[in-house]
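Me: Please take a close look at one part of this model. Which way do its residues face, and what covers them?

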Amino acid sequence: MVNQKPKYPKGCFWAFGFCCLIFLAGCNDMDQQPKFKPLDPSPFFGDGRSARAPVADTVARGDLRLDDHLYTGKVHGKDVETFPYPITADILARGQQRYNIFCAVCHGRVGDGQGMVVKRGFPAPPSYHADRLRQAPVGHYFDVITNGYGRMYSYAERIPVKDRWAIIAYIRALQLSQNASLSDLPAKDQAELESHR
């Protein structure tokens with residue numbers, strides 16, 4: 001048996017071509033339909049603008065933020081001294097991970113302000129172990145991460161709110177670890193350290 005090419009009805013190719021032509025013509029109509037592009041003028045509204053302001057007090061879905069302590073790090077305009085929720089080992093671990101990703105390049109792994117970019121010539125940020133920053137309220141750190149400070153730009157778009165608090169908890173742990181004294185330890189641990197001297 002010899003392979004033969006399939007035979008199509010004579011009008012099949014013409015019908016296919018006509019359908020493609022109609023489809024492409026329809027796409028062009030979509031481009032030409034009446035619409036306003038952003039910032040186009042409009043005679044419809046009295047102010048001549050096509051873009052309208054949102055209705056007053058409109059909040060985007062998922063953006064209702066009633067807890068000032070959690071979302072701003074301030075209460076009545078003052079930096080808060082406490083965390084908005086209890087800090088657990090899991091939160092500290094998350095804070096360490098986020099700190100190492102976002103902060104350590106400038107602030108250093110131990111918070112001394114000697115990160116890799118500083119070693120390559122970028123101006124050093126202050127050490128977290130300076131008295132001023134050890135005594136700063138946690139709300140100060142939240143404000144700096146959210147809004148930036150000096151050469152540090154805002155991380156609000158990069159670090160979610162709960163991760164900011166986790167990073168701050170880890171910064172507090174770094175401050176404690178680098179400035180702890182022997183008397184801060186339980187008696188059993190003090191005795192063990194003394195035995196290794």
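**Helix H3, face by face**

Reply: Start on the outside of helix H3. Ala89 and Asp90 are exposed, and they sit on the face of H3 turned away from its buried side. Exposed means over 50% relative accessible area, buried under 20%, and partly exposed in between (1.4 Å probe, protein chains only). The model is predicted, so local features need pLDDT of at least 70 and side-chain atom pairs 80 or more, while totals for chains, interfaces and linings use all residues. Numbering runs from 1 along each chain as its sequence is written, and side-chain values use heavy atoms, without hydrogens or water.

Now the length of H3. It covers residues 89-102, which makes 14 residues. At 1.5 Å a residue the helix should span 20 Å, and its end C-alpha atoms are 20 Å apart, so the two values agree. The expected span is 1.5 Å times one less than the number of residues. Helices are DSSP runs (H or I, at least four residues) and so are strands (E, at least two), numbered from the N terminus.

Ile91, Gly95, Arg98 and Tyr99 are the buried residues of H3. Seen down the helix axis, the buried residues of H3 fall within an arc of 105°, so they line one face. The arc is taken from the directions from the axis to the C-beta atoms. An α-helix has 3.6 residues a turn, so residues three or four places apart point the same way.

What lies over that face? The cover on the buried residues of H3 includes helix H4 (104-107) and helix H8 (161-178).

Follow H8 for a moment. Gln175 is located in H8. With a relative accessibility of 4%, Gln175 counts as buried. Beyond residues up to four places away in sequence, Gln175 touches Tyr128, His129, Leu133, Arg134 and Tyr141. A contact is heavy atoms within 4.5 Å. Leu133 is 42 residues from Gln175 in sequence, yet their C-alpha atoms are 9.1 Å apart in space.

Last, the setting. The protein chain has nine helices and two strands. From the N terminus, its elements run α-α-β-β-α-α-α-α-α-α-α. Of the 197 residues in the protein chain, 23% are buried. Take the contacts in the chain between residues at least 6 apart in sequence: 47% of them join residues at least 24 apart.
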